[in-house]
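Grab a pencil and work through these exercises with the structure beside you. Try each task before you read its solution.

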Protein chains: 2
Amino acid sequence: MSTPGQPKDPAAYAGPLSGRRAQAARNDHAILSAARTVFLQNPHAPVAAVATAAGVGISALYRRYPGKEQLLQKLCADGLRTFIAVAERHSDAQPDPFTALKEFVRGIVDADVHALTVKLAGTFTPTPELGELSARAGTLAQEIFNRAFEAGALRADADANDIPMVFEQLTAIRLRDEARTAALRHRYLDVLMDGLRSSQGAEALSAPPPSSQELGERWIAPDAIMD
Amino acid sequence: MSTPGQPKDPAAYAGPLSGRRAQAARNDHAILSAARTVFLQNPHAPVAAVATAAGVGISALYRRYPGKEQLLQKLCADGLRTFIAVAERHSDAQPDPFTALKEFVRGIVDADVHALTVKLAGTFTPTPELGELSARAGTLAQEIFNRAFEAGALRADADANDIPMVFEQLTAIRLRDEARTAALRHRYLDVLMDGLRSSQGAEALSAPPPSSQELGERWIAPDAIMD
DNA sequence: AGCAGAACGGAATAAACCGTTCCGTTTGGC
DNA sequence: GCCAAACGGAACGGTTTATTCCGTTCTGCT
């Protein structure tokens, strides 16, 4: 090959591109990022809203994805992969298993990944890949919980399935301002983890934790009476 | 007047009615109850879904309400009134102010009233009456919180505005089965209240509570980018 | 016994809304 | 300079939804 400006393959070189090519690369990111924000706020948002938020036309989006469903699947898969990455980062030997658990949860909450995987589910048909990723994510979370539990850092009636429920509750906190949302979630993460911690004077929790089946049922869409 | 079967005014006599009149009275309730269930699950559900769930035709609904908006307003106002009733019930002198607070929260959660007032907001234009009811509800909740706080039952950095956030988080828990949903909410109510309780070894919460303004902003609809 | 009309079910209507396609234009790369 | 990749946004077709309309049923009263 000679020495012309840039390589043909856009993925081969991620540095600063010029002109049209750079624009396209920036749009790649802008669309994905806008989609994340928009669908996170409303899983049923129209595709046009994503394009508007990304500051591009609709065709820029349809050039990259065959349809809405594929965009959602991509979003979900990315979310799951992020989840796994965060979990693996906190799986490493850490002096205090309770701190490891808490920081893992904080990592997931900060990445705002739970909504991507659960709230989005039901709005598209799941792929096998998604199932595998999801299973792996669950296993990792369970392991981190178990280490803390076996170390005696948690109350006796705490359960691994409480962790997804903590995600669920913290994800429900959402303000206009993104930074403030994160801060508030940290506040109630502190409260919830404090409540899950082992303490002498606490009486037993008044109901059993969710079963794995109950947790799984949230993935299938409610086709009954609703929009 | 003579002695014929039933009085003219349907509201004047609430006892067992016969035939058509009874049917109408039952439908009154069926429609409201169905609307509650349906809109609780999906605030954007179509009116027809309510009629179907109530087991009546659409005309039975439109005979009672001029339109969807009025039905939603009615639902919201009823929810707020229930909230106030529950709060007043737990305002009475109770030996332990912490127990009073916790049972108040449990009462609200069991009545599933928070979703009716916040999640529904933004789907209809609020009336002045709704504003007044909401203000009164807030005051009552604050009072119950204050009593527990001043009794030293709560951690020092707890705040009255944490209570609506607790509602928000518990309301996010929703399974197919209604009874199981309630049980699970009780479980995490225990956890959250345990975390809010005063305990010696706890470090400070990592972020300040929501301001009243931030809480209020949730009432106005996100008209920006979304469906 | 018979009638006026309250109450109802559900089809019909008209107006959104939404995903996707199409087409004309721009512009960087060669 | 020319070609085509990349884009913006209007246009299209299908679906959904709030609301209205109409024909039917059956009660409460005379």
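**Exercise 1.** Work out how H8(A) and H9(A) are oriented relative to each other.

*Solution.* Start with the numbers: the axes of helix H8 (residues 162-171) of chain A and helix H9 (residues 178-196) of chain A cross at roughly 150° and come within 10 Å. Helices here are DSSP runs of H or I with at least four residues, strands are runs of E with at least two, and both are numbered from the N terminus. Axes are lines fitted to C-alpha atoms, for helices over the stretch in contact, and angles run from 0 to 180 degrees between N-to-C directions. Now the cut-offs: under 35 degrees is roughly parallel, over 145 roughly antiparallel, 65 to 115 roughly perpendicular, and the rest oblique. So H8(A) and H9(A) are roughly antiparallel.

Before moving on, note that this is a predicted model, where local features need pLDDT of at least 70, side-chain atom pairs count only at pLDDT 80 or more, and totals for chains, interfaces and linings use all residues. Residues are numbered from 1 along each chain as its sequence is written, while chains are lettered from A and ligands numbered from 1 in the order in which they are written.

**Exercise 2.** Find which residues make the contact of helix H4 (residues 68-89) of chain A with helix H5 (residues 97-111) of chain A, once you have their geometry.

*Solution.* First, the axes lie 9 Å apart, at an angle of about 155°. That makes H4(A) roughly antiparallel to H5(A). Next, list the contact residues (C-beta atoms, placed from the backbone, within 7 Å). H4(A) brings A:Thr82, A:Phe83, A:Val86 and A:Ala87, and H5(A) brings A:Phe104, A:Gly107, A:Ile108 and A:Ala111. Last, sort them: Ala, Val, Leu, Ile, Met, Phe, Trp, Tyr, Cys and Pro count as nonpolar, Asp, Glu, Lys and Arg as charged, and the others, Gly among them, as polar.

**Exercise 3.** Describe the make-up of chain A.

*Solution.* Count the elements and you find 10 helices and zero strands. Along the sequence, that reads α-α-α-α-α-α-α-α-α-α.

**Exercise 4.** Which helix of chain B gives the largest share of the side that touches chain A?

*Solution.* Begin with the totals: 41 residues of chain B are in contact with 40 residues of chain A. On the chain B side, H1 (19-41), H2 (47-54), H8 (162-171), H9 (178-196) and H10 (212-217) each supply at least two residues. H9(B) has the largest share, with 12 residues. By class, that side of chain B holds 23 nonpolar, nine polar and nine charged residues.

Key
Contact = placed C-beta atoms within 7 Å.
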